[in-house]
Amino acid sequence: MLLKAPRRKLLGRQGLIGCGGLFAIVAIALYGLALPDEAGRERVAEPYAAPRAGLPLGSDDLGRDLLDQLVVGAGTSLSLAFIVAAATTLLAAVIGGAAGIGPRWLSVTLMRGADVLLILPELILYILAAAFLGQSFGVRTAILALILWPVPARVLRAGVLTAWSRGHLEVSRAMGAPAWWLLARHGTYLIGPLLIPVFVRTAKVAIVYDATLSFLGLGDPTSPSWGTTLYWVQTNGVFLSDAWLWWALPPGAAIMLTVLCLALIGVAVEERLNPALREAVR
Amino acid sequence: MTAVPAVRRGYPRYLAGRLAEYLTVLLVALTLNFALPRALPGGPLKLFGSPEALARLTADERAQIATEYGFGRPLHEQFLDYLTGVFTLDLGTSLTDGRPVTQALADALPWTLLLVGTSTVVTAALGVTLGVAGALRRRRGKGSGLLGAAVVADSIPQFWLGMLLIVLFGVKLQVLPTYGVSGPDGTTVGGVLQHLVLPVTTLTVTGMGYLFLYTRSSLLTVLTSEPVQHAHARGVPYGRLVRRHALRPALLPVHTILMLEIGFLAAGAIVVETVFAYPGLGRLTFDAITARDYPLMQGAFLVLTVLVVVMNALADATYPLLDPRARTGGHS
């Protein structure tokens, strides 16, 4: 009789919830990207309007539609997060990979560089760089990718080193396989899965940092974003009235939900990749 | 080979190696700090900020600044001057209020240390305790409830939580102060503590999740490790197994994380200090950046970096005292 191994779920319940939530937010973000340019930027109602039919979240101090700002902000936040995550993962893979399989001097130089960057406080660097180099979408993306690569590069270097010492790779090497061939033949399944948690974690950090920058009033003032809306909440002292219910609550909740979904996916993927966590006693 | 000589030989050498590394990092940070204004688009004059700030300067002040900063002289001379300034604690004068930068930093630093120190202690106590509980009760209701709560707490944006706390405790219930460090009756101990509650709560709630997750996964990894499994097979009672065999190795990486967190918290406090108008280093840095108060910004950035380096060094220096393996480089 055949013993069937219990089927493992791909992501588990947490991961499914995270994926479902993220898909919903991505759908909203895509809708936000498709909105006309003036959505959330132009005056459509009287200032400080309370929610009513046709204006579900009311308007801000300049009479701009807060729901539009929320939806457009989703587009900005998510596209920034995904571009930064993709760029950082790529950068980290190249640097981490080079440090893992390259010559010793290269490895030492790259990892020392990473150590130095790791010691400088990321958020302050980001604020400083954005304050001086500019706040446009492209500049912010580039700064974040350049600041965030060291942690994932270390993770990927460790992953490459572990993968490189696997038995069947040593055998291939002993039979004369060059490094590029090993990478092409075995790299995808050995290192590929490591890229997913790196990507997810970077996206998470990018969203939080960018929202923080905008909240501090150093974001792009011409483009609606979750952080910018909260900056106006802070400067206008919205807490003193009931307006915080529709003005301050939704953008913060949006940031929190997006980060939460990413975190759930991250935890699920990491539990799957790290059997020690899954099969732990008790 | 006995362990004792290895300890004697190993520890100072280990320290010296790390020290050299940190001096390098410090030098890089100093260089970055020096290079930033000179790398700005628009040249060094732009560092004297907004056109309004520039217009406020008299001709005398301009000349004074030019001599003080020595723009136009060879770069290496400027760099030497800068280093001398740093080591003699002469960091120039703030452009916005004319105070010496060292003075402004010295005024702000104690508040940040109080804020960050208090929240680190609270965060560590709660995060580690709950993390251990979460790992030991992994399969039961309470454990997964804790895990869920930690993931949620980890996702809340700091500034948003701060705002909600202000709305709830400051505006609706009116029980706690939400602004600054002292009330109308001056700076009293009780007043300072009251003003500390909301910022510390914000930092603790948002910082605890990470520490919880880290402690939990570290302890789970140790619980499945061979030495612990072997002790279990030998019949060591469960309580003793956890206390004697699992907790110590599991909490080692937590110690490192915690030390690093303190350093970064000082930088991270920029958000909380802005929301609660707390007169600390983060607030000072932020004001300096928005006002383009270059000397102040340089000084603040320097102090923040040094804080991180010092905490890093402390973590590294204390680690071998906790973990005998690190004293001998893994060979005993």
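Guide: Two residues are in contact if their C-beta atoms, placed from the backbone, lie within 7 Å. The contact takes 35 residues from chain A and 39 residues from chain B. This is a predicted model: local features need pLDDT of at least 70, side-chain atom pairs count only at pLDDT 80 or more, and totals for chains, interfaces and linings use all residues. Residues are numbered from 1 along each chain as its sequence is written, while chains are lettered from A and ligands numbered from 1 in the order in which they are written.

On the side of chain A that touches chain B, α11(A) gives the most, with eight residues. Helices here are DSSP runs (H or I, at least four residues), numbered from the N terminus. Other helices of chain A that each supply at least two residues include α4 and α8. This side divides into 31 nonpolar, two polar and two charged residues. Ala, Val, Leu, Ile, Met, Phe, Trp, Tyr, Cys and Pro count as nonpolar, Asp, Glu, Lys and Arg as charged, and the others, Gly among them, as polar.

Now α5(A). Its buried residues pack against α2 (66-101), α4 (122-133) and α8 (179-215) of chain A. A residue is buried if 20 or more other C-beta atoms lie within 10 Å of its own. Among those buried in α5(A) are Ile143(A), Leu144(A) and Ile147(A). Tyr126(A) is in contact with these three, and also with Tyr209(A) and Leu213(A), leaving aside its neighbours within four places in sequence.

Methods
A residue is buried if 20 or more other C-beta atoms lie within 10 Å of its own, exposed if 12 or fewer, and partly exposed in between; C-beta atoms are placed from the backbone.
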